[in-house]
Each structure stands twice: as C-alpha cells, then as structure tokens.
Amino acid sequence: MTELSRRGFLAAGVTLAAGLAVSACAGSGSSEGSDGGDANNLTFWSNHPGKSGDVERELISRFEKANPGIKVQLVDAGKNYEEAAQKFNAALSGGSLPDIMILSDVWWFNFALIGAIAPLDDLFGKAGVDTFDYVDSLVGDYKWNNKTWALPYARSTPLFYYNADVWKQAGLPARGPESWQEFDDWGPRIQGVVGGGKQAHGWGNAVDYLGWTFQGPTWTFGGAYSDEWDLKFTDPKTVEAANYLSQSINTKRYAKISNDIAGDFSAGIIASTVASTGDLSGITKNAKFGFGTAFLPAPNGTVGCPTGGAGLAIPARISDARKVNALKFINFITDTANTAYFSQNVGYMPVRKSALSDPSMVAFLEKNPNFKTAIDQLAHTKPQNYARVFVPGGDKIIGTGYEKIGLQNADVNATMADMDKQIQQIYDTQIKPKLPK
C-alpha cells in the first residue's frame with residue numbers, strides 16, 4: 001500500500017470496533033495528562049514476545065544502571081498481543097495505565113485513532129531521541145497524520161523453517177522450496193520419511209496468526225485479502241490458494257493445523273512450518289536436530305512475505321513527565337547495543353540500522369546464519385492487506401476461516417465467501433461512513 005493511501009484511510013478517523021469496547025474508552029484521549037503516577041517509577045506492559053521475559057528484565061536492569069534515578073516494573077500483559085490489547089483497553093476505562101505499552105501491527109492504530117496513545121514527535125527532543133537510525137520502513141509503520149505513534153521493538157517476518165535431517169532423508173536440496181507449488185510436490189516425499197503420527201508441514205491455528213502466515217502464500221498465487229478496500233476473498237486466485245491449503249491437509253494429508261507450531265517443530269512432530277522470527281531463539285534452543293530457515297516461497301518477481309510484530313507506545317493520559325521518561329526507556333532498550341542483544345537472544349529483527357554493523361551482531365550472524373534470513377528477507381516484503389490490519393477483528397475472521405478449512409474440511413468457496421461477507425459488513429457499517437465522500 002502507498003503511504004498516501006494508508007495515511008488517507010487512517011486520517012479518515014475510522015473508529016475502533018470489534019474486540020474493543022469503544023464506548024468505554026472513546027473519550028480517553030481528551031483527558032491527556034490526567035493520570036497520576038511517579039515519573040521515576042515506570043511500568044512496562046508486555047506479553048514478552050518470543051518468550052523474552054528474561055531478556056526484557058535484563059534490558060530493564062541495564063536501563064536502571066544507566067539511569068539510577070528511574071525504576072521500571074515489568075508487568076505481564078497477557079500471553080499474546082490480543083490479551084495485551086484487551087488489558088490496555090480495560091485500563092482505559094478507569095484502571096491504572098502503564099507508561100510503556102506493547103502494541104502489535106493490528107492494534108496500535110486502533111488506539112491512536114481514539115486518542116488512547118500519545119504522538120511522540122513533540123517528546124523526541126525532550127527525551128533525547130533521534131529516529132534517524134531506526135530502520136526506515138519499521139519506524140514508518142507507526143506514522144500517521146505526520147506524527148509518530150510508536151517505535152519499533154519486536155519486529156518480525158514469517159520464516160520458512162525446515163528440518164534439515166528430514167530434508168536429507170527425503171533427498172531434497174538443502175534449501176527451502178522456491179514456490180508453494182514446488183513444496184506441494186515435496187510434501188508427499190517428506191511425509192513418506194516422517195511416517196505416521198507426524199506431518200511434513202504444520203500451519204498455525206487462528207490464534208497463532210494463521211491469517212498472518214498465510215497472507216504471503218496467498219500473494220504468490222496471485223490472490224490477496226484485499227486491494228485497499230476492495231475485498232478479494234472470493235477472487236479465483238485467492239480461492240486457489242485456499243484450495244491449496246485444504247488439499248495439503250485434507251486430500252494429500254502431508255500438512256495439518258497445529259496448536260503449537262514452534263513446539264511441534266522443535267519436537268520433530270512437524271518437519272516444516274511458517275512461523276515468526278520471534279520463534280527462532282526458542283526453536284534453536286529446543287530442537288535436537290539440524291534445521292534451516294528460508295525466505296517464504298515466492299517465484300522470482302513475486303513478494304511472498306509480510307512484515308509483522310510489535311512496537312512500543314505511550315498512553316496519552318499519563319503526565320508529560322512520565323511520557324518523557326517512558327520514551328527515554330523505549331529509546332534505550334531499542335538502541336544499537338540493546339536491539340542487537342534482543343535480536344540475538346529472541347530472534348526478532350534489529351530495529352536500528354547501526355545494529356547490522358555492530359561487532360557483536362556481525363559475529364553473531366556469521367555463527368548463526370538462520371538468524372540472518374529475516375534480515376535479508378526484509379527487502380522482499382510488503383505491507384499487509386487492509387482487510388487484516390485495518391479491519392477491527394479482521395485477523396480473527398481470516399484465521400478462523402482458514403482454520404475451519406484445515407480442521408473441519410469446510411467447503412472452501414463457502415468459507416471464503418463467509419469471510420468476505422463478515423469483513424464487508426464491518427467495512428460498510430464502521431469504516432465506509434467515515435471515509436471522505
């Protein structure tokens with residue numbers, strides 16, 4: 001999507017709907033600075049993406065040593081981005097607000113639109129922040145209406161993970177497939193190696209972001225979830241991709257929907273999967289076999305991978321003193337050394353340009369080529385379709401539809417039509433009336 005069209009949609013002021021209680025927090029932006037609290041005692045709400053709790057505690061320790069007058073408390077905001085967003089929404093209704101809030105790709109703009117998070121630009125100078133060194137495309141994801149609403153933190157792309165030992169037994173080249181059509185040929189061969197009780201491939205379920213991980217494959221079939229606001233779920237090419245998903249699971253039976261793709265892959269239950277870069281550290285630690293990472297399959301000239309992950313935002317209603325110290329904390333834990341540390345220990349992409357030339361990062365990537373895949377793949381990604389990231393509840397609708405196809409062998413055409421109908425209804429009732437005439 002172009003920056004102009006994206007900004008144009010957001011500037012239209014679409015209201016937050018499904019999944020968030022708008023009536024409870026719609027006025028939260030108007031009472032900016034009203035929430036009390038001690039600016040020297042900050043709270044950081046995180047779902048610890050990629051099981052990064054220990055890493056986050058280390059980052060806090062480093063910050064406190066560098067800023068002895070400020071303390072930071074890490075608060076568990078839930079097991080995933082959705083639970084974190086729900087916890088924040090509840091706090092907007094009258095609870096104590098955090099100083100630093102983690103928000104995913106499908107949540108930050110919802111809170112920006114209702115005035116629940118603060119634009120950061122006027123705070124940059126006060127907090128000593130220069131955004132020049134952030135990766136342009138990553139910080140650009142949080143810009144709207146000529147303002148910056150969050151800074152990148154745990155940013156990711158999906159990766160294709162494969163069991164190198166199984167690949168060798170199946171006589172396959174030591175690489176990921178170049179297209180999903182090629183993988184469809186490989187699947188039965190891999191299944192023959194892994195045998196009963198295991199699968200050649202595992203897809204995440206609706207909660208594990210199937211709507212995100214299957215977006216890239218859909219693009220490579222020539223389909224999409226939407227072209228801006230023109231929905232494409234019933235487009236023949238989008239349906240063709242969904243049919244591939246169904247056939248790999250229900251007909252050829254080499255793939256399945258997994259409730260824990262990272263865990264199942266690490267345990268050898270599935271021989272390949274599409275999972276976040278944030279899963280890389282855990283898989284590296286837990287897998288007892290050799291494995292590789294690869295770009296998501298995509299023929300030459302076709303983009304087959306979206307970006308994703310989360311950034312850090314600051315609530316609008318807290319005091320300016322709290323905002324400044326909160327931004328100092330965000331800036332610190334995403335600086336060159338710390339984003340490199342976070343990336344090396346969790347698997348997310350470093351969010352600073354300078355991190356790629358940091359000696360520790362250079363040495364790490366030389367020893368760990370699997371971690372380099374996401375960084376290299378960033379140049380081969382594109383923004384996500386409106387239907388997933390701009391429609392409230394869109395990700396859940398899409399993921400649930402694909403899950404039904406995989407788990408229940410639901411009719412593909414009927415399921416895609418139902419997804420289209422649900423999202424079209426949200427657009428017609430909650431979004432279209434807000435767009436410029």
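Guide: In this predicted model, the domain assignment of the protein gives two stretches of sequence to each domain: domain 1 is made of 41–155 and 308–380, and domain 2 of 158–306 and 391–434. The centres of domain 1 and domain 2, taken over C-alpha atoms, are 28 Å apart. Where the domains meet, 19 residues of domain 1 are in contact with 22 residues of domain 2. Between domain 1 and domain 2, an area of about 1600 Å² is buried, and carbon and sulfur atoms give 55% of that area. On the side of domain 1, the residues that lose the most area to domain 2 are N370, Q377 and H380, which together make up 36% of what that side buries.

Let us turn to the contacts across this interface. The rule for salt bridges finds zero of them between domain 1 and domain 2. Polar contacts, by contrast, are present: eight residue pairs are counted between domain 1 and domain 2, with both residues of each pair at pLDDT 80 or more.

As for the elements involved, α4 (81–92), α16 (336–346) and α18 (369–377) each give two or more residues to the side of domain 1 that touches domain 2. Of these, α18 provides the largest share of that side, with six residues.

Key. Residues are numbered from 1 along each chain as its sequence is written. This is a predicted model: local features need pLDDT of at least 70, side-chain atom pairs count only at pLDDT 80 or more; totals for chains, interfaces and linings use all residues. Side-chain values use heavy atoms; hydrogens and water are left out. Domain bounds come from an automatic or database domain assignment. Contact means heavy atoms within 4.5 Å. Buried area is the accessible area (1.4 Å probe) that two parts lose on being put together, summed over both. A salt bridge is a side-chain nitrogen of Lys or Arg within 4 Å of a carboxyl oxygen of Asp or Glu. A polar contact is a pair of N or O atoms within 3.5 Å; within protein, one must be able to donate a hydrogen and the other to accept it, and residues adjacent in sequence count only if both atoms are side-chain atoms. Helices (H or I, at least four residues) and strands (E, at least two) are DSSP runs, numbered from the N terminus.
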